[in-house]
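Visitor: Could you walk me through this model with questions and answers, taking care over how each term is defined?

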Amino acid sequence: MKTRRVMALLTAAVMSAAMLAGCGSSSDTASGTASTTAAADAASTTADTAASTADAADTTADAAATTADTTADAAASVNTDLTGTVSTNGSTSMEDVIQSLIEAFNEEYPNVTVNYNPTGSGSGITAATEGSCDIGLASRDLKDDENADGSLTQTTIALDGIAIIVNNANPVTDLTIDQIASIYTDGTNNWKDVGGDDGDIAVIGREAGSGTRDGFETITGTKDACVLDQELTSTGNVISAVQNNPQAIGYASLAAVAENTDAVKAVSVEGVAPSEDTIADGTYKIQRDFNLITNNTKPLSDAAQAFFDFCTDPANADIISNAGAVPVNK
Amino acid sequence: MSTLSAAKTKKANSPVELFMHGLLTVFGLTSIAFVIFITAFLVVSGIPAIGKIGFTNFLFGTVWKSTAADPKFGILPFILTSIYGMAGALLIAIPVGLLCAIYLSKMAGHVLAEVIRSAVELLAGIPSVVYGLVGMIIIVPWVAKSFGLASGATLLAAIIVLSIMVLPSIISMSETALNAVPKEYEEASLALGATWTETVFKVSVPAAKSGIAAAIVQGVGRAIGEAMAVMMVSGNVANMPGLLKSVRFLTTAVASEMSYASGLQRQALYSIALVLFIFIMVIMFVLNSAIKKKKD
C-alpha cells in the first residue's frame, strides 16, 4: 500500500515536470499563458463571469483611485437617499460595459440595485417595448419595424469595434470588406488571392446567437451565408485558435484583441487600422453601436433615471473605455 | 436491508427506529427520484420543439441553421457525428486498452505495474477541459499538418482525444476482470501444453469476457457523453460528418448554443438533449442485454 502511494506521487511529480518542460520548449511563456487563459475562458461561463467581474472590480478600483486622487468632491456625491431596483435586459456583447457601469454606479448609489439580464439585443428591445424592464440594451440600432409607433428611444453610449484577426506569421495586413465577405462565404479559399502566401484559409467564426457574430455578419453582409471551418464559443477560443494556426482568420471584439497583441494581428480594413480613434470618427467600418433603449410611454423611475444619466455622463467615459468600448459622450 | 429490518428487536417500534427507517428509505429512493425528474424534464421540454419542427425534419434533416431568417433544425449531422466519433474512439481504445490490461494483469512486474496503474489513474482524473486544451494545442495542428488542411479541428482530432479519454476506464475495468480469472484455468491450460500466448488469448480473455464487455460499455458512455473536450477540437460546424471535416456532436450542439439561445432555438436544444438521452439509454440497454445473454 505504501509503495503504491509513493509510486503515485512519484509518477505525478514526473508527469508535472514533463508538462512544464513541454510548455517551455513548445512555445514562449507569453503565448503559453495566453492559451491557458483561453482555456479558462472556455472552461465555463462561470470562469467568464468571474473574469468579467474581476475586470469590473479593476475598473472600480481604478475609479476609486481616481476619486481619491481628485478630491473629496466625488466622495461627497455618495447618495444613500435614492433607493430602488433598476432592471436592464438585452445584449450579451454589452456585458463588460454594463457590469463596469453598474459597479461604479453602486459606489455612488449604494442603495440602488441594478440587475442585468443577458438575453440578447432582440429580447432586450422586446422587453423595453413591453415594459418588462426599465432599460433595454441593444448592441445594434433599432430596426424600423421594432419602433413603428415611435415609442422607443435609442441612446448610444458607446461604440464597439470588431477586429479581423490573423496569425502573426501571416503577411496580409489589409483587407477590404468585400474580401472579408468573400472569405467568409467560401468565395475566396486561398490566401494568395488576397495578397498573402499560397495556402488554404481556415475560416473561424462564433456560434449562432453570439452578439459578435451578429455584428460581424450584419456589417459585412454575410448573414446566414458564412461557411466556417471552426465555430467557437468564446472570444478567447477564437484568439487562441488563430494564434495556433498560421492559415486562420477570425473576428473578435477589439478590446479583447488589444489585450493580446502578442498573440494575433488585427488587419486594417480598407486601409484603416482599428483603434479607439478610428472607431470614434467612424472611419473603421466594422463597428456597431451600444445602445440604451428606453420606452417613451413609461417614464423612468428615479433610480432608473439616475442610472441612465450615469451611463451617459461624460465624466464616466473612462469606465466605458476601461471596459473595452469607445465612449460616445466625452 | 432484509436481514436488519427482518430482525425485530424489542425496540423496533420505538419512534427513533421508525424515523430512521423512514429517513433511510427516503434517501434510498432519491436516485430513482432524480432519474424520474430528469426524464420528465427532458420529455416535457424537448417534445414541443419536435412537434413544431416535425419529427422527420428534426431527426433526418441534414441542415442546421438555428438563427437564420428561415431557420432549419435538422440534427442528422449531429447524430451521425456522435456515432462515428464514438465508433472511431472505441476502434482505437479497445485494442490499446485491452492489450494494456493484459500486460498489466499477466505480464508486468510488480513495480512497473504499480507505476502504470497510477499513471492510468491519473489519466482518469484529468479534467476533460485539459484534454481539450492539449488536443487544441497539439493534436489539431498535427492533424492540419499531416493532412495538409487549413484547419485541423476535425472529426479525426476529436476521435484521437476521445480515444485517450476512454482508455482509463477500459484499462482498469478489463484488468480487474482479468485478475478475477481463477488461476486454475490458466494453470490447467499451461499444464495441457498450451503456450503462454495461447493461454492468455484463448483462456484468460474469454473467461473475463463479461467484465471486458462492461468496460467497453462504460467507454461508450464516456465517449458519447463527452462535451467539453470535443467542443475544443472538433470545429463545431454543423456539417455532415467526414473524417477530415469540421463537425458538431450531439453534446456540443447543446452546449455551444445554449448560452444565447432563445425561442424555438432554445426548445430545439432541449430536444437534442432528449435525443441524446434516449440514444444513450438505448445503447446501454442493448449492450447490457447482450452481455447478459452471453452470460446465460
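**A walk through the model**

Guide: B:Arg266 counts as partly exposed because 17 C-beta neighbours fall inside 10 Å; a residue is buried with 20 or more other C-beta atoms within 10 Å of its own, exposed with 12 or fewer, and partly exposed in between, the C-beta atoms being placed from the backbone. This is a predicted model, in which local features need pLDDT of at least 70 and side-chain atom pairs count only at pLDDT 80 or more, while totals for chains, interfaces and linings use all residues. Residues are numbered from 1 along each chain as its sequence is written, and chains are lettered from A and ligands numbered from 1 in the order in which they are written.

Visitor: In which helix does B:Arg266 lie?

Guide: Helices (H or I, at least four residues) and strands (E, at least two) are DSSP runs numbered from the N terminus. B:Arg266 is 194 residues from B:Lys72 in sequence, with 13 Å between their C-alpha atoms. The helix that holds B:Arg266 is α13 of chain B, residues 263-295.

Visitor: Which element supplies the largest share of the side of chain A that touches chain B?

Guide: In this interface, 34 residues of chain A are in contact with 29 residues of chain B. At least two residues of the chain A side come from each of α1 (2-26), α2 (29-43) and β7 (230-232). The largest share, seven residues, comes from α1(A).

Visitor: How many residues of domain 2 of chain A are in contact with domain 3 of chain A?

Guide: The domain bounds, which come from an automatic or database domain assignment, are 2-77 for domain 1, 84-158 + 297-327 for domain 2 and 160-287 for domain 3 of chain A. The C-alpha centres of domains 2 and 3 of chain A are 28 Å apart. On the domain 3 side 11 residues take part, and on the domain 2 side the number is also 11.

Visitor: Is strand β4 of chain A mostly covered or uncovered?

Guide: Chain A has 13 helices and 12 strands, and buried residues make up 45% of its 330 residues. In β4 (residues 152-167) of chain A, 12 of the 16 residues are buried, and the strand is therefore, by the cut-off of 20 or more neighbours, mostly covered.

Visitor: Which residue of β8(A) stands opposite A:Ile165?

Guide: Strands pair if DSSP finds at least two bridges between them, and β4(A) pairs antiparallel with β11 (residues 287-295) of chain A over nine bridges, with A:Thr155 opposite A:Leu292. Three bridges join β4(A) to β9 (residues 264-266) of chain A, also antiparallel, and there A:Ile165 stands opposite A:Ala266. Five bridges join β4(A) to β8 (residues 248-253) of chain A in the antiparallel sense, and in β8(A) the residue opposite A:Ile165 is A:Gly250.

How values were computed
Two residues are in contact if their C-beta atoms, placed from the backbone, lie within 7 Å.
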